[in-house]
Amino acid sequence: MDRRTHDRYIERATWPIGRGDRNFWIAVSVLSALVAAGIYAWIYQIQRGLWVTGLNQQVSWGFYIINCVFFIGMSYGGAMTSAILRLTNAKWRAPLTRLAETTAVAALLVGAVYPIIDMGRPDRFLYILRYGQVGSPVVWDVVAISTYMIASLVFLYLPLIPDLATTRDSLRMSRLQRIYGVLALGWKGTPGQRASLHRGIGIMAVLIIPLAVSVHSVLAWLFAVTARGGWHSTIFAPLFVLAAMLSGVAAVILVVAAFRKVYGLQEFITARHFRYLSYLMIALGVGYLYFMVSEYLTEGYLAEESVTPVLEAIFVGSYAPAFWSFTILGLIVPLALAAFPGRFTIARAVGASTLVIAGMWLKRFLIVVPGMAEPIMPWDWGRYSPTWVEVTITIGSAAAIPLILIIFFRFFPVMSVHEMEEVEGTPEPRAIVLVPTFAEGGGK
Amino acid sequence: MAGPVSRRQLLVGLGGLGASAAVAVAAGMSPITFEAAAESEHAPDAKPRQWAMVIDLRNCDGCKKCTEACQETHHLPQNFEWIKVFQVKDKHGGEYFMPRPCFQCENAPCLRVCPVAATYRVADGVVLVDQDRCIGCRMCMAACPYGARYFNYVDPPKYDNPFGHATPEFPVPQQKGTVGKCMFCVHRTAEGQLPACVEGCPMKAIYIGDLVEDVATNGDRTVRLSTFLKENDAFRYKEELGTGPRVYYIAGHGQLLDF
């Protein structure tokens with residue numbers, strides 16, 4: 001990387017810091033309005049109780065549990081993408097890692113709120129710490145999610161330290177500068193500091209993988225440890241882990257595509273990045289398909305009394321439209337879309353990711369709701385249709401993720417400067433640099 | 001036991017003293033009261049009772065009086081069927097009714113999954129819910145294979161608890177945002193009364209019993225529990241799950257057949 005590209009990279013990574021243009025304020029106000037509506041719905045629910053939801057005695061878990069699994073899953077993919085790229089020392093990772101790690105944190109912050117939204121007595125949340133029972137999957141979840149949350153924050157923060165120092169040095173806003181100074185922990189870029197940071201990031205990249213696997217495994221065990229036919233499956237934990245990675249990589253593709261366009265990062269994030277991320281998504285999607293077939297085949301072939309009604313409802317019954325939409329539109333079509341070589345790599349990757357994310361939400365619905373509604377006693381199928389409260393909270397929480405990202409990247413560099421220097425090396429300064437005007441923006 | 005028996009004697013019978021009490025009454029002696037028997041539990045060597053229930057489906061006509069009695073006792077809303085009467089259609093077109101209380105499982109799935117130990121099992125084998133502790137996560141409802149647990153989505157009907165505050169043994173009124181269920185009316189059995197559903201059943205299809213003393217009563221007659229279960233081929237619902245339900249069913253279609 002020559003001097004000019006290097007400077008241009010830094011300029012592109014840091015230009016939005018502390019600025020707010022018209023588009024920024026429009027986006028922030030629209031998203032904030034949605035989040036506010038979601039918060040209003042939550043307050044409405046807290047004041048009145050869970051009866052304002054579509055939940056009932058038979059289907060007592062619904063949108064909130066689905067969203068919890070969905071958003072935490074998304075987070076996992078972000079963390080995994082970054083960790084894998086670091087561990088395999090992929091040279092092309094530099095412009096992506098920051099976006100992936102921030103997506104992980106944003107999605108996790110949203111997903112981790114859902115267990116509290118779902119509680120009948122959220123005021124007693126701390127009872128889980130006070131009276132925690134080691135044998136309860138709910139406690140496993142709380143422990144795993146909070147450990148993972150700390151780890152993913154550290155994982156985001158460590159590579160940010162040198163960039164905070166860069167921002168500190170380049171900014172002339174006294175008050176903000178002091179905050180960056182504190183956050184940068186006195187980073188000067190000495191060889192000792194570099195070595196420790198390198199080691200720290202390496203450790204976190206290794207640690208974050210088992211932590212994320214554990215989070216999604218215990219989320220799966222929340223279901224798999226029960227006696228319900230649709231849930232009691234040994235393959236559930238790995239299935240959930242794969243689903244999480246799949247939806248997470250799709251989320252990273254969407255986030256990267258959006259920031260690439262809005263922040264003008266086309267020079268550094270190219271079709272090649274999307275192709276590689278698409279390969280990752282395809283591998284995960286094929287793996288998921290395989291796990292899913294394995295699950296349904298072994299359960300459906302034997303057709304045990306407890307499992308059959310659920311499988312029937314999913315394959316040919318009332319949940320069949322949702323299931324086949326997921327399988328075809330949410331899995332097979334996007335994988336094909338992303339797999340074929342040819343033009344419009346970025347557009348295809350974005351289209352495929354959108355379908356995958358929608359499909360993975362639907363799949364979580366197909367896990368939670370039929371499993372709950374199935375007649376475990378000689379009764380009819382349970383019914384569940386969410387109310388405006390659940391829908392509003394869901395939309396609000398989904399809007400919170402881009403909102404967090406947009407605000408975050410108005411304060412912190414959108415691409416990791418330090419990472420790029422690690423990968424490419426810092427070029428020697430030159431006296432004269434000629435910048436042709438036609439090189440501005442655009443490009444491959 | 002011949003002839004009608006008074007409730008006092010029944011409850012004595014429940015204490016495992018049925019036969020001897022009958023003799024005692026016949027001999028003009030005052031029978032040992034249930035309360036006295038309950039007190040004797042506090043002796044160091046006394047074993048706690050092990051409550052069990054037998055539901056004789058041959059007698060159940062699906063009138064749902066048990067549900068009504070339960071709701072009245074616990075001041076529950078209409079859709080809270082701690083003992084719920086299912087109308088079961090079998091594969092061959094036959095129909096029968098099946099009341100389902102909480103099975104007070106010996107290996108209770110609901111108890112294991114509770115994150116705050118709000119659900120616990122007491123010495124006499126009954127599974128209780130401490131609604132002052134329950135956080136309302138509903139994990140137990142997902143875990144219960146019998147759908148015996150009910151979440152208080154709404155405020156329960158107003159009721160002034162004479163003891164000042166609801167207890168796990170007498171959780172009335174229920175707390176909104178927490179889970180409740182049948183607990184074999186431990187507040188009544190401790191006082192020497194039959195559970196509300198047992199008392200409310202006009203068909204006398206429900207028996208409450210003690211596995212330690214091996215007796216059970218439906219308020220009308222007292223039986224030797226193990227013999228009664230064996231002779232009538234009693235079964236436990238979804239026993240294969242290994243939950244160890246404390247409720248036994250005697251199969252039938254709502255009519256007594258005398259072969």
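Helices are DSSP runs of H or I of at least four residues, numbered from the N terminus. The model is predicted: local features need pLDDT of at least 70 and side-chain atom pairs pLDDT 80 or more, while totals for chains, interfaces and linings use all residues. Residues are numbered from 1 along each chain as its sequence is written, chains are lettered from A and ligands numbered from 1 in written order, and side-chain values use heavy atoms, without hydrogens and water.

**View 1. Ile332(A) on helix α14 of chain A.** Ile332(A) lies in this helix. Its relative accessibility is 43%, so Ile332(A) counts as partly exposed (buried is under 20%, exposed over 50%, partly exposed in between; 1.4 Å probe, protein chains only).

**View 2. Helix α12 of chain A, residues 271-302.** The helix has 32 residues, and its end C-alpha atoms are 46 Å apart. Ala303(A) follows α12(A), with a positive phi near 50°.

**View 3. The ring pair of Phe315(A) and Trp324(A).** Rings of Phe, Tyr and Trp (its six-membered ring) pair if their centres lie within 6.5 Å; planes under 30 degrees apart are stacked, over 60 edge-to-face, the rest tilted. The count over all chains is 43 aromatic pairs. Phe315(A) and Trp324(A) form a tilted one, 6.3 Å centre to centre with 35° between the planes. Phe315(A) is partly exposed because its relative accessibility is 27%. Trp324(A) is also partly exposed, at 40%.

**View 4. A cluster of rings in chain A.** Ring pairs link Phe63(A), Tyr319(A), Trp361(A), Phe365(A), Trp381(A) and Tyr384(A).

Note on methods. Helix = DSSP H or I, 4+ residues; strand = E, 2+ residues; numbered from the N terminus. Expected span 1.5 Å × (residues − 1).
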